[in-house]
Each structure stands twice: as structure tokens, then as C-alpha cells.
Amino acid sequence: MNKSDLVTKMAEISGLTKKDSQAVLNVILQATKKRLSEGDQMQINGLGTFALSYHPPKQGRNPQTGETITIEGQNKVSFKPAKALKDNLR
């Protein structure tokens, strides 16, 4: 399912127009991005929690030259599903 499919499904379920459903989805996505960029986690009851986890720098190898390189540390988004979601998928 992609974003346009999700907007269509939201419109069907909620009775909103596709334009309104897309606006709602965009607000949710913006709020999630903002919370994560501030270092906070985003918890959605019944779905799960989005959080940042820091991955420290590490040594890697360039496959073409065999040269050792340092891969910079970075923040990555992690998702932990809620119990309700896990139970629903069984």
C-alpha cells in the first residue's frame, strides 16, 4: 500500500473527501517528523512507537579498493509495534 492508496482507504472509511484525507495524513506525517527531529518518540496507541536510535561510527571496507573507511554515526528510526497490533496479526 502506498500513500495514495492509504488516502483512498481513509476517505472510504471516514467519509471525508480524498483532499481532506490527504490533509489529515500530511499533518500526521509532519507531526511525526517534527517529534522525531526533536529527539522525542511518537507513540500511537494500538499501532506502536516510532523512536530514534543512534548508531555509532564504525569501520567498513570499500568493496572496490579494499580500503578501510569510517562510516559516520547516524540516527535511525525504529518502530516497535504495540501489543494490540501484534495480537491482531496472529
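Start by selecting helix α3, residues 83-88, where Asp87 and Lys83 sit four residues apart, about one turn of the helix. Helices here are DSSP runs of H or I with at least four residues, strands are runs of E with at least two, and both are numbered from the N terminus. Show the two side chains: Asp87 and Lys83 form a salt bridge, with 2.8 Å between the closest N and O atoms. The term stands for a side-chain nitrogen of Lys or Arg within 4 Å of a carboxyl oxygen of Asp or Glu. Asp87 is partly exposed at 35% relative accessibility, and Lys83 is exposed at 60%. For these words, buried is under 20% relative accessible area, exposed is over 50%, and partly exposed lies in between (1.4 Å probe, protein chains only).

A word on what is on your screen: this is a predicted model, in which local features need pLDDT of at least 70 and side-chain atom pairs count only at pLDDT 80 or more, while totals for chains, interfaces and linings use all residues. Residues are numbered from 1 along each chain as its sequence is written, and side-chain values use heavy atoms, with hydrogens and water left out.

How many salt bridges does a search of the whole structure find? There are four. For another one, go to helix α1 and pick Lys9 and Glu12, which are three residues apart and so separated by about one helical turn. Their side chains meet at 3.8 Å, N to O. Lys9 is partly exposed, with a relative accessible area of 40%, whereas Glu12 is exposed at 56%.

Next, select Glu38 and Lys34, whose side chains meet in a salt bridge of 3.1 Å, N to O. Glu38 is partly exposed at 46% relative accessibility; Lys34 is exposed at 53%.

Which residues of α2 are buried? They are Ser21, Leu25, Thr32 and Leu36. These four lie on the same side of α2, because they cover an arc of only 40 degrees around the axis, taken from the directions from the helix axis to the C-beta atoms. Turn to the other side of α2 and you will find Lys19, Val27, Gln30, Lys34 and Ser37 exposed.

Back on the buried side, the residues pack against α1 (3-14), β1 (42-44), β2 (48-55) and β5 (74-81). Zoom in on Ser21, which is buried at 0% relative accessibility. Apart from residues up to four places away in sequence, Ser21 touches Val7, Met10, Ala11, Ser14 and Leu16, where contact means heavy atoms within 4.5 Å.

Now move to the strands. Thr49, in strand β2, is buried with a relative accessible area of 18%. Setting aside neighbours within four places in sequence, Thr49 is in contact with Gln41, Met42, Gln43, Ser78, Phe79 and Lys80.

Finish in strand β5 with Gln74, which is partly exposed at 39% relative accessibility. Beyond its neighbours within four places in sequence, Gln74 contacts Ser53, Tyr54 and His55.
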